Amino acid sequence: MTVEKIFDELGHFKRFQACLYFAAVFQAVACGIHYLASVFLVETPNFVCSVPGNITDVLFGNLTGSSLEDVLPLFKPAHGPLVVRTSEGEQWELSRCRRALRINPQGFTYNFDGNKTVKACNSNFIYDHSEVQQSIVTDWDLVCEREWLAKLCQPTFMLGVLIGALVFGDVADRVGRVRILMFTSLCQFALGVAVGFSGNYNVFVVLRFFLAMVSSGYLVVVFVYVTEFTGIKVRTWTSMHVHAAFAVGIMAVALTGYLVRVWWIYQIILSICTSPFLLICWKFPETPFFLMAKGRYKDTQTLLDAIAHFNGLECRLKAEDLLDSAERENGRALLGQEAEERPSQSEKKLSILDLFGSWRMAGRTCTVWAIWFIGSLGYYVFSLGSVNLGGNQYINLFLVGLVELPSYLVGCFAMDRVGRKKTCVPALLLAAIACFLIIVVPGDIEALAIVLCMIGKFSIAIAFGLIYLYTCELYPTIIRSLAVGSGSMMCRVGSVVAPFCVYLADVWIYLPQLIVGILAFIIGVLTMLLPETLGKPLTTTLEEAEALGRKKQDGLELNKHEAKA
């Protein structure tokens, strides 16, 4: 694209671009925060049914105490109920979702063979506050028959992520990137704080849904924004390291969750972490790509002068020169078409079916979609499921975020040196191996399971980070945006499915790892069939060009050697 000449003249990543980049990416930290905040918002502590009257004695196996607070932290439902005696002399057997009143007990012992009257809890529960002082689960009793409401919080959030990506991605192309960045940033702050003041569950879920929409909208648009302000020489690094800001957000969630155990205070603190961005985002300029596309050449020239001045350069580049160059290129393209065969004036509008224009293209599309899906699914299964691995859940989540930072460095170096495919395939296969090893590791070796989880997250983060660029390079120009957009949709589908996959741990604790491991292995093998791009868009085969009905259109070159292959 001709606008790329701006970076050859004014620098690919000099002071102006660096300041914009780090400021814009700083707000992306908030996206990582809100995406993973539910880990501790909906945390369920140990609990049992409450009983009428004051408790004077408690038994649990060989343990004794004078209050539930003494024994409840050690309570495990699989090992039997808690037995309590009240000041009125009643004896109760307490489990999580029911309570049984002993009839005519002879003594206060743990085992009892007499008659019992089983009663419902009637939304009266006693929670262990030693670890979690307050969560939405303890405030609104989202346990037992209402447990599904707590589990619905993250899937509804991810549904908002999907819708937000669709809505704001399209609107940003119409009204500009900066307006969407400003709007979504302001809404992230306002909605994030509002969530902390939710008075009931319904308000909480609705506010979180809209928070998900604006968080997703910011993340989608900031990718476009930073790539349109950085030159092609550094674009791989700048696009990959937007994910690094997301990882910092995950670490912020872990640290805040450890320090603050009251959910609404925790939510408000997380929401104001990136509020300084609101003080500077209104100074952000629109991207030169958008200004040129909308014909705002005076604004483009003003921006070029500002970039040159800030970078300490003399601006010899004129917006009109970019326009004239584009017109000359279009003119040469038209002459080339006339020399051979002018295409029909009534070209059909491209649709998603054009991604399946040939058997080769169809196979490529299915594989790319699968990589998008498993990248998102694996990313969130490793992140959300890290708190269930044993050990300290706060340290686990912090490490899950921390391990991403070197993964993007390794991914960038590997992509530049061995190629996209040769980076993606080992990453997916390593993630699969890590999942399988987690299953076979003995349950009492928690440290090894945590290390394997970090290896899996490291690997899947590499595949997840590179698929955007790889997709751009696997498709010809005329369907490239369609390919990236549809792949991003599969990514959102994976993020919606991920919480349900994590909840399968209630069926078998290793079922989420088994699912991710099998899918990652299969998709890793299928990725071997994709062509290598070596950092450049692939040429289009004769078969694919004819299937699209676009022979030599938009400057596509027909590679006969690839067609024979």
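**Start with confidence**

Colour the chain by pLDDT, the predictor's confidence in each residue, from 0 to 100. Select helix 24 (residues 560-564), which has the lowest mean pLDDT among the elements of the chain, 39, then jump to helix 12 (residues 263-272), which has the highest, 96. Helices here are DSSP runs of H or I with at least four residues, strands are E runs of at least two, and both are numbered from the N terminus.

Next, pick residues 324-347: the pLDDT is below 50 there, and beyond near neighbours in sequence the stretch has 11 contacts in the model (contact means heavy atoms within 4.5 Å). Do likewise with residues 539-565, where the pLDDT is also below 50 and 49 contacts reach beyond near neighbours in sequence. Where pLDDT is low, the predicted coordinates should not be read in detail. Overall, the chain averages a pLDDT of 84, and 88% of the residues score at least 70.

Some ground rules: this is a predicted model, so local features need pLDDT of at least 70 and side-chain atom pairs count only at pLDDT 80 or more, while totals for chains, interfaces and linings use all residues. Residues are numbered from 1 along each chain as its sequence is written, and side-chain values use heavy atoms, with hydrogens and water left out.

**Into the cavities**

How many cavities of 30 Å³ or more does the structure hold? Two. A cavity is a set of points on a 1 Å grid over the protein atoms alone where a 1.4 Å probe fits but cannot get out, and lining residues have an atom within 4 Å of a point. Grid points are joined across faces, edges and corners, and a volume is the space filled by probe spheres set on the points.

For the largest cavity, about 70 Å³, show Phe-40, Glu-131, Arg-261, Trp-263 and Tyr-394, which are among its lining residues.

The second largest cavity has a volume of about 60 Å³. Select His-34, Gln-188 and Ser-271, among others, to see its lining. Helix 2 (15-36), helix 8 (177-196) and helix 12 each supply at least two of the lining residues. The lining has four nonpolar (Ala, Val, Leu, Ile, Met, Phe, Trp, Tyr, Cys and Pro), seven polar (the others, Gly among them) and no charged residues (Asp, Glu, Lys and Arg).

**Salt bridges**

Go back to Glu-131 and Arg-261: they form a salt bridge (a side-chain nitrogen of Lys or Arg within 4 Å of a carboxyl oxygen of Asp or Glu), with the closest N and O atoms 3.5 Å apart. Glu-131 lies in the loop between strand 8 (125-127) and helix 5 (136-140), and Arg-261 in the loop between helix 11 (242-259) and helix 12, so the pair ties together parts that are 130 residues apart in sequence. Glu-131 counts as partly exposed at 44%.

Now select Glu-93 and Arg-102, bridged with the closest N and O atoms 3.0 Å apart. Glu-93 is buried at 11% relative accessibility, as is Arg-102 at 3%.

Last stop: Asp-299 and Arg-296 meet in a salt bridge at 3.0 Å, N to O.

Notes:
On a 1 Å grid over the protein atoms alone, a cavity is a set of points where a 1.4 Å probe fits but cannot get out, and a pocket is an open set with protein on both sides within 12 Å along at least five of seven lines; lining residues have an atom within 4 Å of a point. Buried means under 20% relative accessible area, exposed over 50%, partly exposed in between (1.4 Å probe, protein chains only).
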